[in-house]
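Visitor: Could you take me through this structure? I am new to it and would like to ask as I go.

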Amino acid sequence: MASTGEEPLVIDEYDVVIVGGSLAGCAAAINFGRRGFRVAVLEAHRDPAFYKRLCTHLIQPTSLPAVQRLGLDSPIEAAGGVRMHTSFWTPVGWAHEHSVADLGRHGYILRRSVLDPLIREMASATAGVDLVLGAKVRALHRTGSRIDGVVAHVDGAERTVRGRMVIGADGVNSRIAEAAALPARLSPNRRASYFAYFRNVPIPEGNFRVWLMPPDALGLINSDDGLTLVSMLVDKQRVPDLLEGKEDYFRRRFAELPDPPDLSRAERVSDIIGTKDRPNVTRLRIVRPGLALVGDAALAADPLRGVGCGWAIESAEWLAETTADALATGDPDRLDSALRRYQRTHRRQLWPQQLVFNRNSRQAAPPPPVRKLLATAAADPYVAERFWPVIQRTASAKTLLSRRVLAAVRRAGGGRLDGWRIPEPMASSRPELFIDQVE
């Protein structure tokens, strides 16, 4: 995607031009539109019902306040979205998030086939927002060194869409980031990710069950319309067996789990979808004069963490909060200063977690202190009451450093964690980027 200074015949003027009409792009459009700005959302797909297939559709509890401020919570629930609470299997028993009675925060589970069209409809209904489907962005437009629009192919014609700010919301393989010379740093992931939807899968407690079976992680996630997402993150060495066995492999692996789910009546109702390699993507810079990245275009984490949907919505909100006042003045220098503040906010909020994810995605299992903490949260209500708020980012991790918590963790260690058998570390390798689908 090259930059251009040439003007096609048709020129549109907006305050904000957003490339990408999925979660991050539509959340940004809603936030800016409600602040009185004129916004163009350029989406390459023509179908308003298109959705991201390679996503397990979690919105983590950490993102609930941003979801509520966006006004997305009520539509999610009206569409059948499920309030999410997590349970982790440990060798000493289950750690249940919902067992902590005073936790008021929850996540949401709603299939992307429902969620994506829903937020797209919200964006297009927001005053000042124009959703342009079938708009294939070919280049960034610059005046001097400043990015001030894009050149897109729309309805058989080249159009320059000008804006005081351009937002790249076009996903992990962002062409906007590439055109703006905002390179990605890839961190290898030792696990491959595959999932499918099933019907008639009972989950006895909670609605999101995770078995950490190093180096693998297997999960069941109750979703809307009575469906359950059956998910596997498996060591890459297991991928040939998975692809050969397909559904039988799924059923066999879950049958081998401790406290296994009953899949005898389960019916698969979707393709098995996945990726053999999904490295974490971190960009050292996510802004240029006149441009910012949001969502996966800015940063993409290990699928094991399930944070992508929430981070898309949060980053869109941070961008609007930090730049709206400067954008309203029309002063480019003030806007660029605000964009740099957005970048600092994004780093402060997400980089500490991303750096941990980058390290852990290379490892076979969570570090020993984390495994001990999980096991203790399963057995000790006092520790559980402090553990889950930290996971939800409603409390500082420092609360887990109290003498009482540390003493409980020490008591819970030792041989009781033998159920976590840890294989050899992952050898470093150059990540390969490709996606496949199994019928």
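Guide: One definition first: strands are DSSP runs of E with at least two residues, helices are DSSP runs of H or I with at least four, and both are numbered from the N terminus. The model shown here is predicted.

Visitor: Where does Asp 225 lie, then?

Guide: Asp 225 belongs to the loop between S15 and strand S16 (227-235). Its phi is positive, about 60°, although Asp 225 is not a glycine.

Visitor: Is Asp 225 buried or exposed?

Guide: Asp 225 is exposed, because its relative accessible area is 52% and the cut-off for exposed is over 50%.

Visitor: And what about Lys 246?

Guide: Lys 246 also is not a glycine and has a positive phi, about 55°. The loop that holds Lys 246 runs between helix H6 (239-245) and helix H7 (247-255). With a relative accessible area of 38%, Lys 246 is partly exposed.

Visitor: Which residues does a cis peptide bond join?

Guide: The cis bond joins Pro 214 and Pro 215, with omega at about 5°. Pro 215 sits in the loop between strand S14 (208-213) and strand S15 (216-222). For context, most peptide bonds are trans.

Visitor: Changing topic: in what order do the three strands of the open sheet come?

Guide: The order is S12-S19-S22, with antiparallel pairing.

Visitor: How many bridges pair S12 with S19?

Guide: Strand S12 (residues 184-187) pairs with S19 over four bridges. Ala 184 stands opposite Arg 283 of S19, and Arg 185 has Thr 282 as its bridge partner in S19. On S22 (residues 299-300), S19 pairs over two bridges, and Val 281 has Ala 300 as its bridge partner.

Visitor: Are the faces of S19 covered or open?

Guide: Both faces of S19 (residues 280-283) are covered. Asn 280 and Thr 282 are buried on one side, and Val 281 and Arg 283 are buried on the other. In a regular strand the side chains alternate between the two faces of the sheet.

Visitor: Now the helices. At what angle do H11 and H12 pack?

Guide: Helix H11 (residues 381-391) and helix H12 (residues 403-411) pack at about 115°, with their axes 10 Å apart. That angle makes H11 roughly perpendicular to H12. Their crossing is left-handed.

Visitor: Which residues make the contact?

Guide: H11 contributes Tyr 382, Val 383 and Arg 386, while H12 contributes Arg 404, Val 405 and Ala 408. By class, the residues of this contact are four nonpolar, two charged and no polar.

Visitor: How do the axes of H10 and H11 cross?

Guide: The axes of helix H10 (residues 368-379) and H11 cross at roughly 120° and come within 6 Å. That makes H10 oblique to H11, and the crossing is left-handed.

Visitor: Which residues of H10 meet H11?

Guide: From H10 they are Leu 373, Leu 374, Thr 376, Ala 377 and Ala 379, and they meet Pro 381, Val 383, Ala 384 and Phe 387 of H11. This contact has eight nonpolar residues, one polar and no charged.

Notes. Residues are numbered from 1 along each chain as its sequence is written. This is a predicted model: local features need pLDDT of at least 70, side-chain atom pairs count only at pLDDT 80 or more; totals for chains, interfaces and linings use all residues. Side-chain values use heavy atoms; hydrogens and water are left out. Axes are lines fitted to C-alpha atoms, for helices over the stretch in contact, and angles run from 0 to 180 degrees between N-to-C directions. Angles under 35 degrees count as roughly parallel, over 145 as roughly antiparallel, 65 to 115 as roughly perpendicular and the rest as oblique. A crossing is left-handed if the near helix is turned anticlockwise from the far one by less than a right angle, and right-handed if clockwise. Contact means heavy atoms within 4.5 Å. Ala, Val, Leu, Ile, Met, Phe, Trp, Tyr, Cys and Pro count as nonpolar, Asp, Glu, Lys and Arg as charged, and the others, Gly among them, as polar. Buried means under 20% relative accessible area, exposed over 50%, partly exposed in between (1.4 Å probe, protein chains only). Two strands pair if DSSP finds at least two bridges between them.
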